[in-house]
Amino acid sequence: KIVLLIILFGFILSVGLTLNNLKKYDKNIITNDAHYHQMIKADPYRYLSHGSEIKDQLKEGINFFKTGREHYTKYLPPRVMAAYYYFFDIDLFNNNKEKLVNTGIHFPYLLFQTIVYYFCIILFYFSLLKIFKPVTAIFIISFLSLEPTIMQYHSSFWSESLFFSIQILLISLILKKNYSNINFFLIGVFLAVLSLQKDYAIFYFIPIIFYFYFILNNSKLKKIIILFIGFILIQSILGFNNYYRSGKFYIMTAD
């Protein structure tokens, strides 16, 4: 009950911060020389505008694997935004010529990434209980639920909130005492999803393989191969997207 109250309190604080940010900063600043949205600029503008293009292409009937630009940094954030625009049938821009960002449409997305984060924390808590004493688990959950510099990302359009969520979910799977083949497959899947959210996470594969090599007693090679299969299946989505878009199959991003 204590843990659930802590998580609920963190969730309420995060949603409150989101509402406050949108109330103050969900607006376009228009000057004689230029205009910009106070919350959606730099990388978030790249994610959201790319997602808007993908949504429009899907509406036009273009094959999913042919949609989008070259993937300069991160593959998943624009796709998540495209799914959001497509599902709710909304447009990022209210004027395609001037590219003014629509306001008042962003709360469901920020609420979604907040819900995902705190749901992953609940799953993480049950994994922690299998390894640590309850008081240690409560301390860890309290930190993840209430730490301000983590919480700020749930109320923004940067990619860190979902990145943290996937990391926490991945660690929950890794911390299990008894590993099934499905468990290893899912670790590979979420490890690949993590690398699609932030491209440098593709290198997480290396320390995780070393970790399992040293802690596993039986069927090491078989379980690592199963993990690799889950990893490569998800990575192949990026590969085929690149292939149909550019004629070359590759999984690394342009940077």
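## Aromatic pairs and helix packing

The structure holds 24 aromatic pairs, where rings of Phe, Tyr and Trp (its six-membered ring) pair if their centres lie within 6.5 Å. Planes under 30 degrees apart count as stacked, over 60 as edge-to-face and the rest as tilted. This is a predicted model, in which local features need pLDDT of at least 70, side-chain atom pairs count only at pLDDT 80 or more, and totals for chains, interfaces and linings use all residues. Residues are numbered from 1 along each chain as its sequence is written, and side-chain values use heavy atoms, with hydrogens and water left out.

Let's meet two of these pairs.

| Pair | Centre to centre | Angle between planes | Type |
|---|---|---|---|
| F65 and F240 | 6.3 Å | 70° | edge-to-face |
| Y109 and F157 | 6.2 Å | 5° | stacked |

F65 sits in the loop between α2 (43–59) and α3 (76–88), while F240 belongs to helix α10 (residues 220–246), so their pair ties together parts that are 175 residues apart in sequence. Helices here are DSSP runs (H or I, at least four residues), numbered from the N terminus. F65 is partly exposed, with a relative accessible area of 26%, and F240 is also partly exposed, at 37%. By contrast, Y109 and F157 are both buried. Buried means under 20% relative accessible area, exposed over 50%, and partly exposed in between (1.4 Å probe, protein chains only). F65 and F240 also belong to a cluster linked by ring pairs, together with F64, Y243, Y244 and F249.

Now for the helices. Helix α4 (residues 107–129) packs against helix α7 (residues 160–174) at an angle of about 20°, with their axes 9 Å apart. Axes are lines fitted to C-alpha atoms, for helices over the stretch in contact, and angles run from 0 to 180 degrees between N-to-C directions. The two helices are therefore roughly parallel to each other (angles under 35 degrees count as roughly parallel, over 145 as roughly antiparallel). Their contact (heavy atoms within 4.5 Å) includes Y109 and F112 of α4 and L162 and F164 of α7.

Which way does α9 run relative to α10, roughly parallel or roughly antiparallel? The axes of helix α9 (residues 205–215) and α10 come within 10 Å and cross at roughly 155°, which makes α9 roughly antiparallel to α10. Among the residues making this contact are F205 and F212 of α9 and K220 and F231 of α10.

Key:
Angles under 35 degrees count as roughly parallel, over 145 as roughly antiparallel, 65 to 115 as roughly perpendicular and the rest as oblique.
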